[in-house]
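Here's a quick tour of the aromatic rings in this one. Have the viewer open and follow along.

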Amino acid sequence: KIPLLVGANLEDGGCGIATDGTQYGKQMQIAATGDTEDAYRLGKVSCSEGAAVGCNWAFAPVVDIDRNWRNPITNVRTYGDDPDRVLACGVNYIKAAKEENVLVAIKHFPGDGVDYRDQHLMTTVNSLSEEMWKQYHGKVFAELIKKGVACIMPGHITLPFYQKERINGYLPPATLSHELLTGLLKKEMHFNG
């Protein structure tokens with residue numbers, strides 16, 4: 001009844017425009033068109049191709065906000081720096097993924113795109129104030145939670161305005177933080193996925 005989960009980064013569908021006019025490519029290319037429906041098309045291409053080879057779980061869409069152009073992780077993998085556009089594109093990608101029977105994992109909680117370092121190499125910092133975080137990353141995650149997203153991938157990212165607990169004197173990244181995953185994400189934001 002429950003299939004083996006086979007996941008992959010189905011963030012993009014290559015680069016270009018298909019012969020039928022369908023646009024697909026990196027998330028930032030999609031956002032640059034100004035048409036958030038292109039995110040639906042990206043999800044359709046990415047998830048249908050993933051499903052065709054047995055993938056049923058997309059580690060996508062990236063709903064980080066590109067607040068620092070030097071960030072090596074977000075850059076062209078985001079829908080840009082406007083939280084409303086990021087949200088609209090994320091919703092459209094998720095709609096397409098559902099149509100292809102592919103589960104999504106939105107990422108990277110509590111939000112990448114602020115620091116200039118690579119969270120895969122070291123713990124990075126989302127240094128936004130509480131007010132700014134709620135206007136940007138928090139808004140996007142909260143709205144997608146309300147819409148019933150089933151899975152959220154945490155990042156190796158700290159959120160200093162919120163965190164008090166320390167491990168050996170350091171703030172733990174969200175991937176290891178009870179405060180961020182249970183306190184903020186589950187209790188305060190009511191994520192039950």
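## Charges over rings

Start with lysine 95: its charged end sits over the ring of tyrosine 40, 5.5 Å from the ring centre. To count as sitting over a ring, NZ of Lys or CZ of Arg has to be within 6 Å of the ring centre and within 35 degrees of the ring normal. Arginine 117 does this too, with its charged end over the ring of tyrosine 116, 5.6 Å from the centre.

## Ground rules

This is a predicted model, where local features need pLDDT of at least 70 and side-chain atom pairs count only at pLDDT 80 or more, while totals for chains, interfaces and linings use all residues. Numbering runs from 1 along each chain as its sequence is written, and side-chain values use heavy atoms, leaving out hydrogens and water.

## Ring pairs

How many aromatic pairs does the structure hold? There are five, counting rings of Phe, Tyr and Trp (its six-membered ring) with centres within 6.5 Å; planes under 30 degrees apart are stacked, over 60 edge-to-face, the rest tilted.

Phenylalanine 109 and tryptophan 133 pair edge-to-face, at 6.5 Å centre to centre and 80° between the planes. That pair links distant parts of the chain, 24 residues apart: phenylalanine 109 is in strand 6 (residues 106-109) and tryptophan 133 in helix 4 (residues 130-135). Helices (H or I, at least four residues) and strands (E, at least two) are DSSP runs numbered from the N terminus. Both residues, phenylalanine 109 and tryptophan 133, are buried (under 20% relative accessible area; exposed is over 50%, partly exposed in between, with a 1.4 Å probe and protein chains only).

## A cluster

Phenylalanine 161 and tyrosine 162 also pair edge-to-face, 6.2 Å centre to centre with 85° between the planes. Phenylalanine 161 counts as partly exposed because its relative accessibility is 22%, whereas tyrosine 162, at 18%, counts as buried. Phe109, Trp133, Phe141, Phe161 and Tyr162 form one aromatic cluster.
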